[in-house]
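Colleague: I have just opened a structure that is new to me. Could you walk me through reading it?

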Amino acid sequence: MAVATLSPGMALAAEAHELPGETMSLWWALPFAGLLLSIATGPLLFHHVWEHHYGKITFFWAALAVVPLAVAFGMPSATEAVLHALLTEYMSFIILLFALFTISGGILVAGNIHGTPLVNAGLLLIGAMLASVIGTTGASMILIRPILRANDNRPFNAHVVIFFIFLVSNIGGSLTPLGDPPLFVGFLRGVDFFWTTTNLYQETLFVGGLVLAVFLAMDIVLHRREAGAPKIKDPTPDTKVRIRGLPNVPLLAGVIGAILLSATWKPGVAFSVQGVSLELQNLVRDAIILALAFLSLGVSPKSHRQANNFHWEPIAEVAKLFAGIFICIVPVIAILRAGPDGALAPLVSLVTSPTGEPNDLAYFWMTGALSSFLDNAPTYLVFFELAGGDPQHLMTTLASTLAAISAGAVFMGANTYIGNAPNFMVYAIARHRGVKMPGFFGYMAWSGAVLIPIFLLAGFLFFG
């Protein structure tokens, strides 16, 4: 389920259309950079305009990517590139995300507990552990509302959501291919299912443990400061906690099953739409997932969703913004795939030592830095290929390199709101619940202060 931000077609789509990345300049990255800048500054500098017109702004940047592609490389190539982004990438992405959002929205953790530092740390720990089992998106969607209710009477609560994104929406999903999309890409490429479990558990325990410790210390300090502040009436008084909407649990299991089915069942049947090949197993997977989502709407009492404050605006916001991101990222990934022959060759050369051996520390930071802003699944795939692309060789001789790529892609997706799909969904839900979340750069200030020092230490210890 962690592959809620991924489908096989999505990860491999950069290979399918053949844009000449080696001839493309960095100007092709302008629409992507412009969209990121809009996402970063819109809610902060022109909030009301952004709130009502972010879909139009996103469409503008997407059009600025598509129209020049058609002019420079011809309508057929541009059409194929856009259709690959929409049919094999975006549609699977949003179907999976829609299903997890819908199904988890029908699971009600009723009641409430008081958000003390120990309770919050416990909830974050549970969420981080769940993330590798039901995926970062599944764990995030189920637990974000209970943790918001637990802290809705505290004047300082934005930091709880920020650390929730760090741990539950990212770092916790690093132990199985179901945990986070990049690892699922590796699984599809031949990496053993439990390879990440046995090769990343130390890094995950170290990074996750330090982040949780920083949170606990910070939350204790802020909780003590709140003791002298005027009391806020708790809108959700403490009551006994019960889990309702249990029929949705097997539906979540069904989503996992559908994804695993598409990874293992290869009938060799495909359909062509304007030159875009759609494989049968992926179509079946998406159909099953959609059916499970609509089934959830039927079996879940409306009262459960009302109690969850469930509405469609967060998923609508994510759907519009990521539609633009998936389109604008196409030329960027093409340039990256050109490797040393592309405009980003200076960055690519950084991952190789003077002797020609892979530089694990550089792989960790390069994969992580790009995964902070690009979609981390195709970014993982780029560096997977740069390291040779042979799963058996990477799992054995170059195991430390594959671990560096995997850790960088998963961990550093927490550096920005857009590094991993659950990040923005959690942010949108928290903001709609009244939490005063920091803007794009404000969030990066948090990740820079908390995560970057920990990543520096982890990189030195494990990959240096």
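Modeller: Gladly! Keep in mind that this is a predicted model. Let's begin with the secondary structure: the chain holds 19 helices and four strands.

Colleague: What radius of gyration does the chain have, and what would a compact globule have?

Modeller: For 464 residues, a compact globule would come out near 23 Å, and the chain has 21 Å, so the two agree. As for extent, the C-alpha trace spans about 60 × 50 × 45 Å along its principal axes.

Colleague: How much of the chain is buried?

Modeller: Of the 464 residues, 58% are buried. Contacts tell another part of the story: among those with a separation of 6 or more, 83% join residues 24 or more positions apart.

Colleague: Now to helix packing. What describes two packed helices?

Modeller: The general idea is to give the angle between their axes and the distance between the axes. Take helix H8 (residues 195-227) and helix H17 (residues 399-411): their axes come within 10 Å and cross at roughly 55°.

Colleague: Is the crossing of H8 and H17 left-handed or right-handed?

Modeller: The crossing is right-handed. On the H8 side, the contact is made by Trp195, Asn199, Leu200, Glu203, Thr204 and Val207. H17 contributes Ala399, Leu402, Ala403, Ser406, Ala407 and Phe411.

Colleague: How many residues of that contact are nonpolar, polar and charged?

Modeller: Between H8 and H17, eight contact residues are nonpolar, three are polar and one is charged.

How values were computed: Residues are numbered from 1 along each chain as its sequence is written. This is a predicted model: local features need pLDDT of at least 70, side-chain atom pairs count only at pLDDT 80 or more; totals for chains, interfaces and linings use all residues. Side-chain values use heavy atoms; hydrogens and water are left out. Axes are lines fitted to C-alpha atoms, for helices over the stretch in contact, and angles run from 0 to 180 degrees between N-to-C directions. Helices (H or I, at least four residues) and strands (E, at least two) are DSSP runs, numbered from the N terminus. A crossing is left-handed if the near helix is turned anticlockwise from the far one by less than a right angle, and right-handed if clockwise. Contact means heavy atoms within 4.5 Å. Ala, Val, Leu, Ile, Met, Phe, Trp, Tyr, Cys and Pro count as nonpolar, Asp, Glu, Lys and Arg as charged, and the others, Gly among them, as polar. The radius of gyration is taken over C-alpha atoms; the globule rule is 2.2 Å times the number of residues to the power 0.38. Buried means under 20% relative accessible area, exposed over 50%, partly exposed in between (1.4 Å probe, protein chains only).
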